Amino acid sequence: MLIVKPSFVQHPGDKGRKLPIYACHVQPGESKRIATGGQDCKVRIWSTAPILDDSSSDCDKLLATLSNHTGAVLSVRWSQTGTLLATGADDSTVVVWCADASRPADQRRDNLIQGGAGNVESWRAIKVLFGHDSDVADLAWSPSNEYLASCGLDSLVFIWDGKTFDKLKKLEAHQGFVKGITWDPVGKYLATQSDDKTVKIWRTSDWVVEREITEPFTQASSTTFFRRLSWSPDGSCIAMANGENGNVPVSPIVNRDTWISDVSLVGHQAPIEVAAFNPVTFEIEIPDEDGEEGATKRVVSSVCAIAGQDRSVSIWWTARPFSAASALDVFQHTVLDLSWSSDGYTLYACSYDGTVSAFTFSSVEFGIPISTEQTELALSKYGFQKVKQAVAESTTQLFLEEQYRNQQNNIGGLSGVSMGGYSSAQTSVDTPNITEQVNVIKMGKQRESRTKDGKRRITPVLIRSASSPQKHATISIGAKALAPQSHGLNNGKGIPMVDISTAAGKRKAPDSDETGQSANGTVYVLPAYTSVSPPSRLLAMPTAKPKTLTIVKTGPTPLNLECVNADATKQGGATITGSRAGISQFITTLNAPAILIAGGDDYWVAACLDATLNVFSAAGRRMLPPFVLPSPASFLSVNGAYLMAILTTSTVFLWDISKETNLLSNEPVTPLLANASNNTPNSLTLSNAFVRADGKPMISTSNGDVFLYHYGMKCWMNVRGFDSDQRVSSAVVTGEMVNPAGFKIPAVGVLGKIPALIDHAELGMACSTVLELASDYKQWLILYARKLSDDGEIAKAKELCDELLGELSASGENSNILGMQKRSLLKDILPILATNRDLQRIVASYHAFLSS
C-alpha cells in the first residue's frame, strides 16, 4: 500500500487556512477526475494524474471550481456513467452539473461560474432541485442512473427522476437526521441510515419500508457528521457506519437474505463515519481449513474500507476475519468520506482537516479482479437483469440516429435553455406582428412557514399558462388566433353576470367599480353564476349612461363616437356624433338609449336598451335595418367582417356583416359554466370573449378554461392552455416547458416518467389543429414523437406514421395539415423515433418509402 497526500488538493479559506472537505468522489470510468466539496461552498474538480504521479506535475491540477451553492457542500456524487455530477449542500439544494463542451477552449479558463477563475474545464448547472428543508447530507445514483436519491437533516429522503430530475417520491419514515444513503446494485432496494438509530431498507417497487434495522445502533453515538453506508458490489450485504457493540465502535455487516448483522468490523477507537465497498470484486487465496496444513484455496471476495473519528482508515476482506490493511494518523481530524477508483486499486479519503489522501494498492495485494460477467452472474440470483441494447439492423437506423444527434446539437431540442449564466440556441414560434387582448394570471402570494429549528421556508408559486385571469396584457400568439379589433368590454373585469338574489328587479348598478369607469363609460354589475337553474336574464345588462365616448380604430385616424342618451325619466332614444381629429363627420339618432358601442375598420355597431343592434358604416351610413334580438346585448366583439353579441339571456349570436349571413344563432353559453363547484356556486364567471379573424368565437371562464366554437361539429371545444405561445417563453427561462397539466417538460433529452404526458401531447396536437396554429402543432408533434420513442409505443408510432404518410398514391405527396406537408413532418420525426431501436423496423420501412 502506498499513501499519497497531495498538498495542492484543498479548499482554502482566509489567510490560507484549509477549510474542511466534507465529501469526495472519483469519476467512474477511467477515474481521471475527483470531485470534492468543502466548507467554502464550492465544488472543486481535480485531475487524478498529478495526485498519483509526481511526474505529471506539469499537467493541470485544478480543472474547475463550481460555485452555485450558498452553503457548505456536504455531498458530491458522479452518475454511474460519469457524465453528470450531483452535489448537495446545507443550503437545502441539490445541483446537477454537466461538462459544457460547447464553449471554445480559449474561454474555458474563465468559466462563467462565479469563483471559477483559472478553470481549465467548463461545467454548467443543468438543474437545481428544491425539496429539502435543511442540509442535504448525502446523495446516491441508482445502478442504471434511473433515479437520484437525496437525504438530509430534515429527516426526509427524496427520489428524483434520473433523466428529467422531477421529484418522484418523498420518504418520511425516519424520525431523525438522515445522514447516509446507498442503492442495492440490483436496484430492488434503497438503504438509509439516520440519527434515529435505525437503518431502513426501502422497496423501490412501491417505496415501502421492507425492514427496519436497529441493532447494533441503540447505544451508538449521536455526534457523527455522517452515517455513510455502502452496499457490496455482489449485492449480498451492506456495510454500515456508527455501530456500537459493548461500547466498542463497529461497522455492522448486514446480510441481504435475513437483514441481520451477524458480522461486525472491529478495530476503530472512535465512531465510524463512513463505509465504502470497492466496486470491483477480487479472487484471492485463503487458507483451506478442510485441506492439508498450509493448503490454500481461491475464493471471490469483496473489499470494504471504513473510516471515522479516530482519523484512521482500515481495509477489510469479506472472506477474511481480519483487516487487510490499516492506516493510522494519516489525518489530523475526522475522516468524512471515502471513494474507490473504478479499477479498484486506489482509495481516496477526505478529512475535516481539509486534506485528501490517496491509498494505492497492487494486484499482488488485492488479487485478480473478476470479470463483469461474473459479477452480473452473482447478482442474477437476486433478480438482476442487464438492460439489453437492441442492435442496429441496418445502415438506415445508424443514419437516422446520427441525424437526430446532429439535430440536437444544432437546435438544442424544442427550445433554448438559459440557466446559471449559460444560454443555447432558442427556437421561437413563428408569429406575426399581431397582438391580442388576453388574460394573464396575477401571481398569488408565496406561502411562508418556519421549520422546527426556526429556519424560514418559502414555498414558490407555480405559474401556469392558463390559470384564472385577473388582468389584461398584450402578448403575441399563434398565426391564426388573430386579435379582435374592438371589444364592447375592455375593463379587465370579465363579462358581468346577475346574481339570483338580485334578478327580480333588485339589481344594484353602482356608478363605478374599484378601478373607475370602463373604457367605454359603461357601468357593469359583477355578481357570479349560480349552479341552480338560471333565470331568464343571466348576464347583466349595461346601464345607459347619460353620456359616453367610444373610440373606434378605423383607418389612420380613429373615429370618436360620442353618445348622448335621453334622460331615463323621459322617453327618448340616443344621439351619436362621429368625429375625426376634432372635426364632426356625422350625427345619427336611435330610437332607444344605447348601452354598448363597438366597431372595426369598416363599420361600427350600437346595441340599444330595446334589444336591437344597429349597424353603421365608418362614415355613419346605416348598412342594415335594426337587428331585433331575444334580449338586450351584454357584450359585443368586432373583428373584420364578423360581429359577435352575447345576450343577457346567455346566448351567442354571430354574423358576417359583409355577406349578410348568420353563422351562429342563439347558442347557449351556460354549459360552459357547468363546472362550478357546489361549495362555491358563485365562483365561476365568464372572464373574456372575442371573435377570431376566421369568424370563430372564443370564450374564457374565470377558472382558466378557454372554449372555441367548432362550426363543423356544432359544439364548444375546450382548448385551455393551447391558445397561446406562453409555453415557449417559459422554456427560454427555465429550460422546461410548463403547461396547464403541471408537467415540466425538459427541452432536450429523455422525457422520463410522466405517464399522462403522452395524452397531453395528443391533446396539444388536436387543439393546435382546431386553432389552426401550425407552429404549435409541429412542436407538439415533435414532443409526441419523443415520448413515443421513450416509451416504445409501437402501435401508436405506426399509426402516427400512417397518418402522416397519407395515401400511397401520388396524391399522398400533396396531403397537408395546417399548410404543412404531412410527409415533410414524417421526415422530421423519423430520426426521433429511431432513437429507440425497438422501433427501427417501423422507421426503416417508412424511411425507405420516402427515399424511393
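In this predicted model, Gly819 falls in a loop. The loop joins strand S58 (816-817) and strand S59 (820-821). Gly819 has a relative accessible area of 72%, so the residue counts as exposed, the cut-off being over 50%. Ala774 is 45 residues away from Gly819 in sequence. In space, the C-alpha atoms of Gly819 and Ala774 are 7.4 Å apart.

Aromatic contacts were examined next. A search of the whole structure gives 26 aromatic pairs. One of them joins Trp340 and Phe366. The ring centres of Trp340 and Phe366 are 6.0 Å apart, and the planes meet at 50°.

The partners come from separate elements. Trp340 belongs to strand S29 (residues 335-340), whereas Phe366 belongs to helix H2 (residues 363-366). The pair therefore ties together parts that are 26 residues apart in sequence. Trp340 has a relative accessible area of 7% and is therefore buried, under the 20% limit. Phe366 is also buried, with a relative accessible area of 2%.

Trp340 and Phe366 are also members of a cluster linked by ring pairs.

The charged end of Arg228 sits over the ring of Phe226. The distance from that charged end to the ring centre is 3.7 Å.

How values were computed:
Residues are numbered from 1 along each chain as its sequence is written. This is a predicted model: local features need pLDDT of at least 70, side-chain atom pairs count only at pLDDT 80 or more; totals for chains, interfaces and linings use all residues. Side-chain values use heavy atoms; hydrogens and water are left out. Rings of Phe, Tyr and Trp (its six-membered ring) pair if their centres lie within 6.5 Å; planes under 30 degrees apart count as stacked, over 60 as edge-to-face and the rest as tilted. Helices (H or I, at least four residues) and strands (E, at least two) are DSSP runs, numbered from the N terminus. Buried means under 20% relative accessible area, exposed over 50%, partly exposed in between (1.4 Å probe, protein chains only). A charge sits over a ring if NZ of Lys or CZ of Arg is within 6 Å of the ring centre and within 35 degrees of the ring normal.
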